[in-house]
Structure formats: C-alpha cells, structure tokens
Amino acid sequence: MESDLFEASALGFRLRKPAAWRFVPGEWSPLARWKNSAGEDIEWLQRAHAPFCCAMGSHDSRRHVRPTLQVVARPLLKSNPALAPMLLEAQLEQMCRTYRNFELLDASSRACVAGCPATLIRGRFSLTADVDGEAIEMSVLTRGYIVFAARVAFSIGLSSSNDPRYYTEADFREIVASIEIR
C-alpha cells in the first residue's frame, strides 16, 4: 500500500514500513525525546541530526517498549574503506558509555543495505521508565546500521522490547530489505 511507503527524493531514499506500523513525527523518536529531556547532558545526542523518517509499531503492554524505526542522514564527503571499522568502533564505545548494561549480540563493519556498504550493531540493554508512578525496568533490543551511500551516510535505528511477545523480528527484516537508495 502506498501509505506504507516513505520516500525522501532529495536524499534518494525510500523504505516501506509494515502495514500495522504508523509513520510518526520526528519529535516522537527516542533520539528526539532524549535530546529534549530535562537534565540530559550527553553531548553526542545534542550534536546528532534529527530523524527525517520515524515509524512505530504497537502492542498493548505499557511495560514494554514499542517497536520503533528512525532514520537520520548526514553528509558524507568522501567514501573511505577505513571509515566503516572506525565508525563501528566509535558506535560500540558510545553504546557502552550510554547504556551501563549494554550487551553486544552482533557487530560488523562489512554489512550491506540496499547494495551499499554498511555497519551493523545488534545488542540489548535496559532502561528504567515511569509507568503510573512505578519505576519499571524495560529490556530493549536494538539494531543499528550506518549505510554509506554516494554522498550521504544514513543511520538507521530499529528498537523494540527484548521480549519476542512484543515485537516481530520479521517486521525489522522487511523494513531493512525494503530500503532503496539511489
């Protein structure tokens, strides 16, 4: 269905979301919420660009994070084969600094998305959220890609509950497989 298609012609980027998901405004993304939260003092988040594409899945539990997608574009001056391993290492260091209990499940500087070289990180961590006045620890499964296109690096973040009852892994595979970069 065309309402499931997102296209940013100026960036040469398009993807299809699962039918049960909905596109949401960029300010709904976890990145935007972290950047705007009171007392947040993480410098790299303050410098990060806003997502241009965000989508969210749904489920009935308020005690589990919802599946999300966010895509950020950054200028890429020149492609360099050494860039992917360096960025992967920096990403991993940042994840470990940001999430005290980050556990790496998979990482590669030799991934491929839409025919472009990419990095991949898959890991898990937990967050504490206030649900009706009660502090709830939520386990998060994260998947992140940096895709190196001709003049743009796309950062694609996918997250969900770590509990398979509250996400469908096929949704994430379908999103990544649907990405086209021209």
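Predicted model: local features only at pLDDT ≥ 70, side-chain atom pairs only at ≥ 80, totals over all residues.
Entry 1: I began with Phe-13 and found it buried, with a relative accessible area of 0%.

**Entry 2: the aromatic search.** Next I looked for ring pairs across the whole structure, and the search gave 8 aromatic pairs. How are the rings of Phe-13 and Phe-52 arranged? Their centres are 5.5 Å apart and their planes stand at 85 degrees, so I noted the pair as edge-to-face. Angles over 60 degrees count as edge-to-face. I then checked where the two residues sit: Phe-13 is in strand β2 (residues 13–16), while Phe-52 is in the loop between α2 (43–47) and β4 (53–56). The pair therefore ties together parts that are 39 residues apart in sequence. Phe-52 counts as partly exposed, at 25% relative accessibility.

**Entry 3: a second pair.** I turned to Tyr-99 and Phe-125, whose ring centres are 3.7 Å apart with planes at 15 degrees, so this pair is stacked. Tyr-99 lies in the loop between α3 (83–98) and β6 (103–113), and Phe-125 belongs to strand β7 (residues 116–131). They are 26 residues apart, so I logged this pair as a link between distant parts of the chain.

**Entry 4: a cluster and two charges.** I found that Phe-13 and Phe-52 belong to one aromatic cluster with Phe-6, Phe-23 and Phe-154. Lys-17 lies over the face of one cluster member, Phe-23, at 5.5 Å from the ring centre. I also noted Arg-143 over the face of Tyr-167, at 5.3 Å from the ring centre.

**Entry 5: the sheet.** I traced an open sheet of 7 strands, with antiparallel pairing and the order β3-β4-β5-β9-β8-β7-β6. Which strands stand at the edges? They are β3 (22–23) and β6; each has a single partner strand, so one side of each is left without a neighbour in the sheet. Further in, I looked at β7 and strand β8 (residues 134–148), which run antiparallel and are joined by 14 bridges.

Conventions. Residues numbered from 1 in each chain as written. Heavy atoms only, no water. Phe/Tyr/Trp six-rings, centres within 6.5 Å; stacked < 30°, edge-to-face > 60°. Helix = DSSP H or I, 4+ residues; strand = E, 2+ residues; numbered from the N terminus. Buried < 20%, exposed > 50% of the residue type's maximum accessible area, 1.4 Å probe, protein only. Lys NZ or Arg CZ within 6 Å of the ring centre and 35° of its normal. Pairing = 2+ DSSP bridges.
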